[in-house]
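Hi everyone, thanks for coming. Please bring the structure up on your screens, and I'll walk you through it.

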Amino acid sequence: MGGEADWDELFKDHPVLALPKSVSGPAGKGEESLSLSLSSLPDFVNVDPVDDKPTPSGRRQAIAIKDADLVTAVGSEIRIASLGDSQGARGGSQKGYKTLHTPNIQFEIHQIALNPNGKLLAVAGAFQVAVVVLPRTGFNKLVTATVDCKSIQIGQYYHAADTSAPVAKIDWHPWGQGGSTLLVMTVDGKLREYDISVDADEPQQTLSFVPDKKKSSFDAEDAAEREVASFTYGKGKADWGPLTVFAVMRSGDIYAMCPYLPKNASVPSTYVHALECYVSAKQEFLSASASEGRIPSDGLTTLYDYQRKYVNALLKQLPPGTAWPATTRLVPMRPPTTIKNKPARQGPFLLQPSPRNLPGSEGGDATDIVYLSFGEDAAEESEGETEGLGLVLVSFQDGKVDLYLDVEKVEARWETKQLQSDELPMLATYESIDLGLVSTLKKASTSQRGQSLLDLVQGNHPVFFNDPIHYDTIYVYHAFGVHVLQLEPLLRSLAIALREANDESRSEAGSLDATLEKVAQTDVQPILLTFSVEQQSSSPVVGVAVPNDVYLTYSIFILTSALRMSVFPLNLRSESPYVPEPEAPPPKPTPPPPASLPAPPGPSAPPTAQKALQAPPEGPPAYVSLLSEEPFKIPSAIARSSGLPTNPRLSLPNNPSITKGEFMITPDTLRYLGTIVEHFSSQIHDVQLAHRAAETRASLQEQEFKRQRAKCAEMLESARKLSGVGPAQAQRLARLQESQRALLARLDRTLQGLMAKASPELSEHETKWFEELRRMRAEVAGAGKFDDRSLLARAKLLRREVDRLLPHLKELKEMEEARKKNAADGREALGLSQAFELGKRSTEERTRISLMEAEISRIANIMDVSLGRPPALQAQNGDAEDK
């Protein structure tokens with residue numbers, strides 16, 4: 001199942017996407033209640049702790065893919081369907097799903113998250129959190145429509161009370177031991193860690209990103225500055241990134257806490273060694289600065305001492321056999337207790353320069369945050385200047401996405417008076433991305449009540465979704481559709497800019513600022529639109545999933561609030577590090593090609609030193625290609641590297657007028673159709689131009705292939721002629737060889753003569769060397785032919801003796817082997833019954849001997865005669881003395 005039509009046919013009228021009874025039932029409000037409009041806006045903005053409505057308010061993630069199974073949260077139900085078994089299902093009779101029986105879940109599910117091993121599913125509503133144990137493979141073979149699953153309520157005291165704070169985000173920690181560490185962030189800034197395998201009611205650790213208010217003090221802070229919108233984990237290889245947690249407030253302020261390690265963690269052993277090297281380098285740099293006369297601050301020295309204690313506590317937990325550079329493996333670890341102080345909250349981050357607001361927008365609340373790093377996951381082998389540089393993306397309600405560069409990595413800090421600092425961490429603002437939501441709503445006319453459609457932004461909640469295969473691809477889904485952010489052009493150009501900035505030969509030509517001005521921006525592309533201009537409403541996207549399984553094609557699944565599934569097949573691309581190729585020096589000017597050969601079309605690039613054909617010193621080059629030296633680039637009009645469509649697909653809310661057979665043309669409809677027709681016409685023209693360019697290139701390549709084939713034939717003919725050697729050439733080669741030997745002999749005589757003139761007599765060292773050589777020769781070969789003291793004569797004598805004794809030794813060895821064989825055969829010939837009889841008779845004789853010895857001893861005592869010891873006792877005493 002790889003085509004887009006196959007997926008559409010599969011999910012058409014699939015029962016797993018049926019609306020819940022609370023919406024489609026007799027007492028339900030209907031599908032229109034799930035759409036975002038000015039009338040339903042209060043339901044999307046206000047969260048009622050008593051009545052949690054099915055409207056997709058806040059953060060939503062209602063689908064997940066486990067292997068080849070699709071998990072969907074519909075209301076308070078959890079449905080699971082096997083996509084692998086549905087590949088041959090085209091009719092509705094074969095389509096089916098199972099409902100997970102979870103009595104503990106009695107709330108509307110807003111978020112679901114699979115743990116790293118895919119066995120546990122965390123679900124969260126507006127306030128409550130639970131964990132469900134997913135069924136094993138083969139659940140679809142059960143006859144019953146429901147599957148009993150174990151479900152656990154998480155932190156009922158903190159998340160199920162009437163005064164509980166709303167849940168902002170749930171996520172599994174990637175380093176949790178056994179994949180059982182769940183982090184729950186609430187709006188009040190409390191990040192609680194639950195270990196499902198230990199205790200589901202009480203958190204193992206709690207981090208506070210919002211300090212408690214003092215009762216007797218006045219606080220002029222905005223409420224948005226004290227409400228957390230989302231959190232994410234830092235990343236890195238040899239720094240404090242993996243031990244960092246970032247949180248973004250509704251106001252857009254970013255905070256971080258480091259170090260944070262789950263109570264029961266599984267940490268790669270190589271990371272601990274890399275972190276130890278990182279801290280050691282920091283301390284060595286501090287010591288070098290002190291030796292140069294620059295006195296470091298006491299706070300910095302104390303901070304590095306604290307970090308050293310923390311790293312040493314981690315190193316002590318490493319088992320034997322994990323010393324550097326051993327193969328990495330996961331090691332069970334616990335947070336060090338050597339430092340009693342809690343991790344300090346760092347921030348708010350200074351955003352330099354300050355991000356710009358979108359034109360026509362007064363700004364909106366922040367909704368989500370994500371952290372990316374160069375060379376992570378699939379491209380870990382990519383090394384270069386960009387290693388260690390991270391990206392931070394923050395989304396806002398009005399469709400703005402701010403992209404920051406994490407140039408100053410967060411380091412571990414603790415709450416102590418000695419480490420208090422007024423300096424705030426900094427993020428470099430790179431660009432502000434506009435998803436076009438404000439401009440789209442502005443183009444639409446106002447509602448019949450006179451309200452502006454820009455108010456719909458208040459019910460928007462953009463959420464990031466990372467592509468599991470390509471880390472430089474980010475999907476942003478929101479109430480008006482889905483956009484894809486391609487960071488590959490930005491990362492590649494940024495790598496080139498940093499390479500040029502670090503090149504000493506280019507340091508005089510320009511600065512880093514001038515280089516960064518040429519860096520490309522993020523490629524933004526809409527792939528799904530859910531806003532209807534005619535109805536002035538939108539069907540919000542409530543979930544995005546990308547399978548990472550060999551049995552399913554690489555695609556993106558998008559689910560809207562009306563439970564309509566849209567699937568787009570994606571293309572895999574090769575992972576290549578963002579390391580630019582070094583530029584070749586400018587070419588030397590060459591004469592123009594002869595008039596008989598056509599000139600290469602298009603702009604020709606400077607040839608590289610490796611690939612360019614070497615031209616003769618004078619005259620035209622040996623061969624001139626018809627093709628340009630730059631590889632052919634597919635025109636952007638027909639190039640779809642990601643596989644996503646050029647025009648976004650529409651998934652609009654259900655229109656009652658169309659259902660009834662009525663269609664009304666309005667000015668907005670005409671304007672929209674005109675815009676779409678103009679856009680399509682432009683794309684058709686670009687495709688025609690791209691087609692002509694591709695045909696021209698193909699024709700040119702065909703001509704070039706014919707020319708190269710003819711040239712190769714000429715070269716083969718020339719090589720054949722040169723390879724044939726006749727009698728005249730053979731005689732000439734023989735004369736040349738004889739002349740060469742004569743020249744070598746003459747050169748040897750000349751060299752000997754020069755050496756005799758330069759040094760007619762031997763030096764003292766040369767004389768001693770020749771005497772030593774003569775002595776060694778006499779010792780080895782002997783003074784004469786019959787010298788029996790030489791090493792050569794003694795070796796010959798030893799060889800004769802060995803040859804004389806070797807046959808006798810072989811005979812002795814054969815006799816010994818025969819004797820051992822006869823003895824073994826004799827032992828084997830004695831049967832069990834015979835051995836028993838011999839033992840029995842031996843025991844009887846031993847008893848008689850003992851009686852006789854006792855009788856003789858008695859008679860000797862009567863006759864007063866001294867007797868010696870019996871022979872058996874003498875033998876025993878002798879053995880004892882020997883020991």
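**A first walk through the model**

Let's start at Thr440, which lies in helix α7 (residues 437–443). Helices here are DSSP runs of H or I with at least four residues, strands are runs of E with at least two, and both are numbered from the N terminus. Thr440 is partly exposed, with a relative accessible area of 38%. On that scale, buried means under 20% relative accessible area, exposed means over 50%, and partly exposed is in between, with a 1.4 Å probe and protein chains only. Leu453 is 13 residues away from Thr440 along the chain, and their C-alpha atoms are separated by 9.7 Å.

A word on what you are looking at. This is a predicted model, where local features need pLDDT of at least 70 and side-chain atom pairs count only at pLDDT 80 or more, while totals for chains, interfaces and linings use all residues. Residues are numbered from 1 along each chain as its sequence is written, and side-chain values use heavy atoms, leaving out hydrogens and water.

Now to the inside. A nonpolar core is a set of buried Ala, Val, Leu, Ile, Met, Phe, Trp, Tyr and Cys residues joined through side-chain atoms within 4.5 Å. The largest one has 40 residues, and Trp240, Leu243, Ile254 and Val394 have the most contacts inside it. Among the elements that give two or more residues to this core are β16 (254–257), α5 (269–291), α6 (298–316) and β22 (390–396). Which of the elements gives the most to this core? That is α6, with six residues. Apart from this core lies another, of 38 residues, including Leu41, Phe464, Phe480 and Leu494.

Let's look at Val394 again. Counting contacts as heavy atoms within 4.5 Å, and skipping residues up to four places away in sequence, Val394 touches residues including Val248, Ile254, Tyr404 and Phe464.

Next, α5. This helix has 23 residues and reaches 33 Å from its first C-alpha to its last, close to the 33 Å expected at 1.5 Å a residue. The expected span is 1.5 Å times one less than the number of residues. Among the buried residues of α5 are Tyr271, Val272, Leu275 and Leu286.

Helix α13 (residues 764–781) has 18 residues and reaches 26 Å, close to the 26 Å expected. After α13 comes Gly782, with a positive phi near 100 degrees.

Now for some backbone details. Most residues other than glycine have a negative phi, and most peptide bonds are trans. Where does Asp67 lie? Asp67 is in the loop between β1 (63–66) and β2 (69–74), and its phi is positive, near 55 degrees. At 46% relative accessibility, Asp67 is partly exposed. Leu563 has a positive phi too, of about 60 degrees, and lies in the loop between β32 (555–560) and β33 (565–569). Is Leu563 buried or exposed? Leu563 is buried, with a relative accessible area of 10%.

Two peptide bonds deserve a look. The one from Cys258 to Pro259 is cis, with omega near 5 degrees, and Pro259 lies in the loop between β16 and β17. Gly347 and Pro348 are also joined by a cis peptide bond, with omega about 0 degrees.

Let's finish at helix α11 (residues 667–723), where you will find Leu670. Leu670 is exposed, with a relative accessible area of 52%.
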